[in-house]
Amino acid sequence: MYLEKLVGRARHVEVQILGDAHGNLVHLFERDCTVQRRNQKVVERAPALFLSEAQRAELCAAALAIGRAAEYRNAGTVEFLQDADSGRCYFIEVNPRIQVEHTVTECATGIDLVKAQLRIAGGARLGSAASGVPEQAQIRLHAHALQCRITTEDPEDNFVPDYGRISAYRSPAGFGIRLDAGTAYTGAIITRSYDSLLVKVTAWAPEAEETIARMHRALAEFRIRGVMTNLRFLDQLITHPRFAAADYTTRFIEETPELLRAPRKRDRATRILTFIADTIVNGNAELRGRPRPAPTEVRLPPGALAAPAPGTRQRLEALGPEGFARWMLAEERVLVTDTTLRDAHQSLLATRLRTRDMLAIAPYYAARLPQLFSLECWGGATFDVALRYLREDPWQRLVALRAAVPNLLLQMLLRSANAVGYTNYPDNVVRFFVARAAANGIDLFRIFDSLNWVENMRVAIEAVRESGKLAEGALCYTGNLSDPRERKYTLDYYVRLGRELKAAGVHLLGIKDMAGLCRPRAAYELVRALKQETGLPVHFHTHDTSGIGAASVLAAVAAGADAVDAAMDALSGLTSQPNLGSLIEALRFSPRDTQLDPDAVRALSAYWEQVRRQYAAFESEMRAGASEVYVHGMPGGQYTNLREQARALGIEAARWPEVAAAYATVNELLGDLIKVTPTSKMVGDLALLMVSAGLTREQLLDPHTPVAFPASVVQFFRGDLGQPHGGFPQALARKVLQGEEPSRARPGARLAPVDLAAERTRIQAELPRPVSDEDLASHLMYPRVWQSYARERARHGDPSILPTPVFFYGMEPGQEIAVDLERGKTLIVRYLASSEPHEDGTRTVFFELNGQPRSVRTADRSIAPRAAPPRAATDNPAHVGAPMPGVVASVAVQAGAAVAPGTLLVTLEAMKMETAVRAERAGTVEEVLVRAGQTVEARDLLLRLATPAPPP
């Protein structure tokens, strides 16, 4: 007969006993084994904090009474349940062996249980020196002890055992920490066939709080890579307030779901190694077929840096936007914007300049060129390229530049209702983006519309004004207002635009000559007229594509331009801006002297010269100024990007003149457009289509010749970008729209506001951390690009910390680099070698990381991968999938067998754990896809069921 007692809220306590062959029996006090999962102990501690001294004495006495009644010999564990409500204890069983958790008792009492067990078995007497165990009266609790078992289980996936190769293993050490190792070491293979225990770690200290602190430190010091572990779960558990207070029962884990929501370890080293390995094995798709530049040592300018002197940013903060504009008008010297960090590299290097190379030199701008007007460093194409190609967060770039350059205005290029995208966004999206840009460091917004449609710019202008920043309304220049035959883009046209922008509330006017078409005479006339007619400061921007951009800048200065754009010498000229150092010298000692230090400019330019060599693969074939720009009017910022697109489409460099000619033809067909993003992209898209498909001007216009127009062209004719000056060319509009009527309304006005809160909730699944405002803004601009970036970031971490040659080309055997994860945390990475391809199409790449061997297995994409096993679709009731990875132990059914709900189908085994897969509904087995002994992954398809036909 068995008597049972229901204990609703139980605590599990066990008492360690030792008995010898001479009739002696002692206890070594109790262990608290309450924290369990599925009745399996997870954490053990000694002593049990919830026991009073009287309860402890009573429990130990009961254990000894049971041992004496059984004439117990050797080591044993007497187990009890305590009712958490009444405090009464109830006997469960005796385990006649050394337990896994015996280390807790050893650390708490200082007695070696394993040695004692062996000596007692050999006839030693308890209480004698030969046994190593003193008499009962001398056995004391000298410390608090806590044991955790590190296993290859995934707590977030129902503790399913994981398996694979341990790519890195590092364990903790130090006073108060004990390790009992299992099979854990770098390179160890964890199979499905054995227990998932890697190592036991035990901490001890005089007080319970210090014991927990030591365990917390030990768990944090573990580095186990290659397999999932329960480390984070254990750390969450032992640091939980209820654990510290011993306020728990055996259902503590089930009743505390936050234990399973531990913050993820960043594991930055493994992810960075994975990125480097992938680049070594597969290369960078953008650079395929291009020679690797020779190694270049990049040195910063010599000399110590002084604290940055106050600059234009402090002046803006003191005066406010309106006061700042008045200061610009009163300032005699010409103010200079450096475009190196944005338009210069966008125009010369396909926007590929990385944040790392910018941040290295940024403090030198602040310290040595505090007289600069602004640094153009953000917006335009940089946002898209950072996410899409450089795998960088553009917001992190902005924040870092703001910190490095605290004294100068940071300037961005904003595409009005397009923000930094290629389409119009709802008004609330534009306002949200502007607010975030201002909050993260932008002081001056150069706002333009690709069609010079002021109506499309108002929302952005208002948003900038609301942020307290400077709104520069830019009129985009094209045509030739000096030509008496010019009928479309005349001086009157631009002056009218200037008046409209002033009425819209801009603080200053920008002339955005994106193709370098503004000849010197035109620049002089336009600047003078705008200043006379509007009374606003004028900021002149051009490109040097034609080779005479500097002459236009000097003409603009002579006409009274308040600010002009230039680029550091080493990144100036051609499709970039005119040379900054030369401009300084040209105006030196004149009334409009820039007051910039030419020696400082040359020092910074020397840095950029070295950096530019690392980006040689992105250089265009252009080696001199090109007067052909006056024919096609291609923006400088588009020139290198369009050549990249042409190359990607297989259009050889020798055929570039065909692309340029097609660009001019498309521009003519579209009615001589203002060409700047996104209209310039649309013109480029159609030009590339003409060349790649061999289309002629006549075929494009012929209503009977079918043409699959690019989506950007269709959007333009639908009115999605706004209304062009002079209207749409009707013949081409009819062919593109196929009877659809274009919209005449402002695009943003007809777009419904985005529910920002709902969007934030929707994309939260993409990130393992809370979605920031900046994440949301990036997603709103480029949903698919941002999602791809987020996935890459989760897989490879932040590759912006890598040296530029390593990011683009990987490493050479024997090469060693230092990678700064953060201040005070540096990885020393040495690349050793790569293996031959394995059967699964992967290669092993071998590194040394901080002197320790590490290896990364990466797929070689040049090798055709083996066909993946079919996967069970979660929404298909006919699919029966594997609930966990493991080995098929048995298959209980065959094709054609009828099954009922609960029928055993397959048995899986993993790490001594068997799982029965049963039918969830009635049906007939249509196909069995696995066999006994086969290895399967979680959610692999095991078999298919067919639903039985209903009875007649």
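Biologist: Tyr-248 and Phe-252, buried or exposed?

Modeller: Tyr-248 is buried, and Phe-252 is too; buried means under 20% relative accessible area, exposed is over 50%, and partly exposed is in between, using a 1.4 Å probe and protein chains only. Keep in mind that this is a predicted model, where local features need pLDDT of at least 70, side-chain atom pairs count only at pLDDT 80 or more, and totals for chains, interfaces and linings use all residues. Residues are numbered from 1 along each chain as its sequence is written, and side-chain values use heavy atoms, with hydrogens and water left out.

Biologist: How many aromatic pairs does the structure hold?

Modeller: It holds 29 aromatic pairs. Rings of Phe, Tyr and Trp (its six-membered ring) pair if their centres lie within 6.5 Å; planes under 30 degrees apart count as stacked, over 60 as edge-to-face, and the rest as tilted. Tyr-248 and Phe-252 have ring centres 5.7 Å apart and planes at 40 degrees, so that pair is tilted.

Biologist: What about Phe-716 and Phe-728?

Modeller: Those two are edge-to-face, with 5.2 Å centre to centre and 70 degrees between the planes. Phe-716 sits in helix H25 (residues 711-718) and Phe-728 in the loop between H25 and helix H26 (730-737), so the pair ties together parts 12 residues apart in sequence. Helices (H or I, at least four residues) and strands (E, at least two) are DSSP runs, numbered from the N terminus. Phe-716 has 1% relative accessibility, so it counts as buried, and Phe-728 counts as buried at 8%.

Biologist: Which residues do ring pairs link into a cluster?

Modeller: Phe-275, Tyr-615, Phe-618, Phe-807, Phe-808 and Tyr-809.

Biologist: New topic. At what angle do helices H15 and H16 cross?

Modeller: The axes of H15 (residues 491-504) and H16 (residues 520-534) cross at roughly 40 degrees and come within 10 Å. Axes here are lines fitted to C-alpha atoms, for helices over the stretch in contact, and angles run from 0 to 180 degrees between N-to-C directions. H15 and H16 are therefore oblique to each other: under 35 degrees is roughly parallel, over 145 roughly antiparallel, 65 to 115 roughly perpendicular, and the rest oblique.

Biologist: Who makes the contact?

Modeller: Among them are Leu-491, Tyr-494 and Val-495 of H15, and Leu-526, Ala-529 and Leu-530 of H16; contact means heavy atoms within 4.5 Å.

Biologist: Last one: where is Arg-223?

Modeller: Arg-223 is in strand E16 (residues 223-225). Arg-223 is partly exposed, with a relative accessible area of 32%. Leaving aside neighbours within four places in sequence, Arg-223 is in contact with Ala-168, Tyr-169 and Arg-170.
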